[in-house]
Amino acid sequence: MMKKISVISGGSSGLGLAIAELLVKSGKNVLILGRDGEKLTRAAKKLIRISGSAHVNTLVCNIGKESDVRMTGKFLKDHKIVTEYLFNNAGRGLFTGAGTSTSEMIDDVFEPNLKGLILLTSEILKITPEKEDLTIVNIMSTSALAGRDQETIYCAAKWGARGYTEALRTELKGTKRNIIAVYPGGMKTDFWKVPGQNRDVSGYMDPKEVAAKIVHAILNTKGMIVSDITINRKS
Ligand SMILES: NC(=O)c1ccc[n+]([C@@H]2O[C@H](COP(=O)([O-])OP(=O)(O)OC[C@H]3O[C@@H](n4cnc5c(N)ncnc54)[C@H](OP(=O)(O)O)[C@@H]3O)[C@@H](O)[C@H]2O)c1
């Protein structure tokens with residue numbers, strides 16, 4: 001029998017790491033992906049301490065680079081591991097006026113939030129046998145539901161991810177693939193540590209609490225299918 005795993009892009013910090021913690025605690029093997037190897041190692045050490053019998057794997061993978069994504073697919077295939085859950089979580093923000101957009105800014109934001117999400121999903125779909133159940137969880141943002149000031153590029157990427165998610169759901173209807181769209185609001189994570197951003201996020205949501213809502217909805221369905229999850233802070 002093939003080993004099952006949950007693949008989490010951006011699993012080395014913030015919401016992705018909080019999701020990985022809950023998954024290993026419930027006995028699920030995880031593979032966390034990120035660009036920074038040292039950050040991945042630190043995250044893996046944290047996960048291993050609480051993992052019990054679950055396996056923790058890391059891979060340096062820039063999901064916006066096709067060759068990195070193919071290597072991830074090859075790792076899974078070579079080790080005869082089948083993906084049970086794919087969390088497309090990696091992302092980054094950018095907060096600038098609409099009149100300052102550059103090609104570099106667009107590439108930086110679209111790379112994890114849209115292009116990488118598509119590349120990784122495509123690879124996992126390709127290597128996962130049709131007879132196996134696969135749940136794909138796309139972590140977007142409430143910025144995929146509304147247009148926001150100073151977030152034109154980020155909103156464009158997240159709305160793109162939402163369009164992709166809806167089309168994917170239509171295309172995969174009737175198969176053993178389940179697509180879940182997640183729209184979180186502001187969380188206290190490294191996401192806000194970007195140049196020119198100094199907003200007070202002390203009242204934002206704790207990523208661990210957001211992760212708990214998501215993982216509970218996904219793992220404890222008992223004959224139900226959760227399709228869309230929006231999580232906002234109270235004020
Ligand atoms: N924090 C918020 O307020 C908020 C609100 C709504 C939605 N979100 C969304 O929630 C998701 C998680 O963000 P977070 O708040 O947890 O931020 P975070 O702590 O900064 O985590 C982002 C993760 O994505 C990884 N990453 C970034 N670019 C990548 C790439 N090209 N390839 C692979 N990994 C990449 C980062 O690792 P490396 O740097 O090592 O690559 C890191 O592990 C994102 O999609 C974000 O847009 C966040």
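## How the ligand is held

An oxygen atom of the ligand lies 2.9 Å from an N or O atom in the side chain of Lys158. This is a predicted model, so local features need pLDDT of at least 70, side-chain atom pairs count only at pLDDT 80 or more, and totals for chains, interfaces and linings use all residues. Residues are numbered from 1 along each chain as its sequence is written, and side-chain values use heavy atoms, leaving out hydrogens and water.

| Residue | Distance from a polar side-chain atom to a ligand oxygen atom |
|---|---|
| Arg35 | 2.7 Å |
| Trp192 | 3.0 Å |

The protein covers 95% of the 880 Å² of accessible area (Shrake-Rupley method, 1.4 Å probe) that the ligand has on its own.

Who else is around? The ligand is surrounded by 31 residues (a heavy atom within 4 Å), and the closest are Arg35, Asn89, Tyr154, Met187 and Thr189. This shell divides into 12 nonpolar, 13 polar and six charged residues; Asp, Glu, Lys and Arg count as charged, while Gly is among the polar ones.

Helices (DSSP runs of H or I, at least four residues) take part too: H1 (14-25), H4 (103-127) and H5 (152-171) each supply at least two shell residues. H4 gives the most, with three.

Finally, the structure holds seven aromatic pairs (ring centres within 6.5 Å). Because Phe95 lies in the loop between strand E4 (81-88; a strand has at least two residues) and H4, and Tyr154 in H5, the pair ties together parts 59 residues apart in sequence.

Note on methods
A polar contact is a pair of N or O atoms within 3.5 Å; within protein, one must be able to donate a hydrogen and the other to accept it, and residues adjacent in sequence count only if both atoms are side-chain atoms. Rings of Phe, Tyr and Trp (its six-membered ring) pair if their centres lie within 6.5 Å; planes under 30 degrees apart count as stacked, over 60 as edge-to-face and the rest as tilted.
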